[in-house]
Amino acid sequence: MVDVVKPEEMIKIDPTPPSTNWMDVPPDFSPGKFPYPSQAKSLEAVGFPNAREWSPADEDWKLPENWQQIIHEGFKERLDKYRSLKVFMDSCVRCGACADKCHFFIGTGDPKNMPVLRAELLRSIYRNDFTTIGKMLGKFAGARKLTPAVIKEWFSYFYQCTECRRCSVFCPYGIDTAEITMMARELLHLLGLSIHWIMDPVSNCNRTGNHLGIQPQNFKEIIEFFCEDIEEITGVTLNPSFNRKGAEVLFITPSGDAFADPGTYSFMGYLMLFEHIGLDYTLSTYASEGGNFGLFTSSEMMKRLNAKMYREAERLGVKWILGGECGHMWRVINQYMGTMNGPANFLEAPVSPITGTKFENARDTKMVHIAEFTADLIKNNKLNLDPSRNDHLKVTYHDSCNPARGMGMLDEPRFVLENVCNNFHDMPESTIRENTFCCGSGSGLNTEEIMDLRLRGGLPRANAVKYVHEKHGVNMLSCVCAIDRAVLPPLMDYWVPGVDVCGLHELVGNALVMEGEIEREMDLRMEDLPGKEGDSDE
Amino acid sequence: MGLITLIEEKRSKIVKEWFKLTIKTYPKEKSDFFKKKKDSMANPVGNTLSKSLEDILKGLTDDVENNEMAKILDPSVRLRAVQEFAPSSAVSYIFFLKNVIRDILKKDLTKEIEKELLIFESKIDRVSLIAFDIYMGCREQIFTYKANHVKERTLKLLEKADLLCEVPEVGAEIIPHNVYLNGGFDDK
Ligand code: SF4
Ligand code: SF4
């Protein structure tokens, strides 16, 4: 008899990985493990320093000669400018409450993805450069010298943080690792180290007003194309205006809604809603982007890209701004816009022309989130809705990180959902509202070369969807964020096949009974409504 | 007493040992966390694995069809397919079951049981082959996301709207630079 390979021998191909101190494990820069670096031309286009062609896979990152000085001075400048940064650097007691709350840690198990250790990557340099004890005791005080290896580690792990802020919810000191990541990315940008997926949209946006580099005539065409579809579905003709001076409201939404399914269906929903209530609004082909990838590079760039919202509102002479479904866009608006580019005294505190409701929370920014706007309409009985048109859907809701944690918008979208569809099921409590799990691809990480990482980071979210999919037969994941609408479809396809993704206002559009409409046979995706099969292709 | 009854009797011990070995394929810092947390929402990796191993063993003792076995295997293989393992390592955990059973039933291995066990082990081999199919399926799925998938839908839209034209100075290159399209699928 020939020798039989024993199972334990077979197992030898899979040795238990060696155990090394986590701090000594260098980041992996093999293909697929890092986002592509930005091209020199997109850095140059916006005047960012140290533009060059380089790759994380290279041994030598061609850092500028005085790179240590650049980081030291950049760090110092930011510590002086932002009190919060200094507090975050000083006050962590390493209690570990945040450690297992990050979706990247939960999905990867990599200790450097624990928020506390992610922050430690920066904090160790802070201690070394800016504290006496760190200078004296070095490693014993948790300090370490700034070496190129540290820079590489920063690049790896601060681009494995989606700036979602889930960790901060659990920190007794309110330390916000997302802010730490933002600072670290700013410092990396000083050395010309940035990623393509962020810098390219930034430089496009700087030039044409939107991330895609789409020009005004094309923006207008695509909206008109939506109107044709709406007419086919509802029989109602829409004539939205562009760049119209004197309109009461300026509407701004992420360009993803205009150019990528399923966001497009939400855009159709917005247009139908505005028609239904007779809103005096206009769209801008210049402020044609609600999103702001500048947020992921530097506060200065965020400010520059954000400025067009107020400038355009002023130019058009509108009273206030209504904003579409987006995540990080609202972080910028809610948290920074007022102080950064305001005060916008040429605008008025937003009042709904339909219900008379004053949006007190938006008095400073003059900009209202459409979910709040629509919730208010429903609450005041201004919408004629037939939720049964969404009866083929069993819906759950993904709280996008920024609207949920950044602006506390938790109930409005749910209130809208409960009114526009008959089957709504929330995911488990520990995974929604302020505890929501990130999609795993936010803050500019929605790029395809790191798909494996995104699938791991998105696992906690997908896992909760799977729970309601199995328990309640949920087949639609709704959300109010353009990045979500782009990245959740593959995430669902991989982890929870059978669950589709939509924006909130797609469901609103489906349910909306418009004046003069024909009998609806299709939903906004032009798919047959249940019971109407086959009718639509006649 | 037959082999299946013996396995039934020691089922939970077998699953526990098997889980332990499987978790050992992760570096220590990772395995600590995957092992510890019991809440399935807070620790999907650990919980998916332990539930899956339980189901696989049950599938084996129930002698389910290949199709059914594929369904049972899917969650754990799918997970390991994105966890940076070499393909061989990703599916290796199936084989660990052989070790575990032999170890735990050491004292019960009469000639008769030994014979049954050889047949059972060949079933484990079959399961590992199914696992490999699933693994490849998962990888292909991921490559598809990277390559195209949703992009087609979007391109259609752009074409329909006559947007795929050259823009002077900038070139047609501007079109694929879309941060929202396709979850970030570029065509490089
Ligand atoms: S902000 Fe989000 S991604 Fe970043 S460390 Fe905290 S939980 Fe993780
Ligand atoms: S919860 Fe706050 S204080 Fe505790 S380790 Fe995390 S960041 Fe530090």
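**Exercise 1. Find which helices of chain A each supply at least two residues of the shell around ligand 1.**

Solution. Three elements qualify: helix 6 (115–130), helix 9 (166–170) and helix 10 (177–190) of chain A. Helices (H or I, at least four residues) and strands (E, at least two) are DSSP runs, numbered from the N terminus. The model is predicted: local features need pLDDT of at least 70, side-chain atom pairs count only at pLDDT 80 or more, and totals for chains, interfaces and linings use all residues. Residues are numbered from 1 along each chain as its sequence is written, chains are lettered from A and ligands numbered from 1 in the order in which they are written, and side-chain values use heavy atoms, with hydrogens and water left out.

Next, take the shell itself. Ligand 1 is surrounded by 13 residues. The closest are Cys102(A), Cys161(A), Cys164(A), Arg165(A) and Cys167(A). A residue is near a molecule if one of its heavy atoms lies within 4 Å of it.

Last, sort by class. Six residues are nonpolar, three polar and four charged. Ala, Val, Leu, Ile, Met, Phe, Trp, Tyr, Cys and Pro count as nonpolar, Asp, Glu, Lys and Arg as charged, and the others, Gly among them, as polar.

**Exercise 2. Describe the shell around ligand 2 by class.**

Solution. Start with names. The residues around ligand 2 include Cys92(A), Arg94(A), Cys95(A), Gly96(A), Cys98(A) and Cys171(A). Then count: 10 are nonpolar, one is polar and one is charged.

**Exercise 3. Work out the strand order of the open sheet in chain A.**

Solution. Begin with strand 1 (residues 249–252) of chain A. Three bridges join strand 1 to strand 2 (residues 281–283), and the two run parallel. Two strands pair if DSSP finds at least two bridges between them. Leu250(A) has Thr282(A) as its bridge partner in strand 2.

Now go to strand 3 (residues 320–323). Four bridges join strand 3 to strand 1, again parallel. Phe251(A) has Leu322(A) as its bridge partner, and Ile252(A) stands opposite Gly323(A).

The order of the four strands is 2-1-3-4, with parallel pairing. Strand 2 and strand 4 (367–369) stand at the edges with a single partner strand each, so one side of each lacks a neighbour in the sheet. From one strand to the next, the twist averages 30 degrees. Axes are lines fitted to C-alpha atoms, for helices over the stretch in contact, and angles run from 0 to 180 degrees between N-to-C directions.

Note on methods. Buried means under 20% relative accessible area, exposed over 50%, partly exposed in between (1.4 Å probe, protein chains only).
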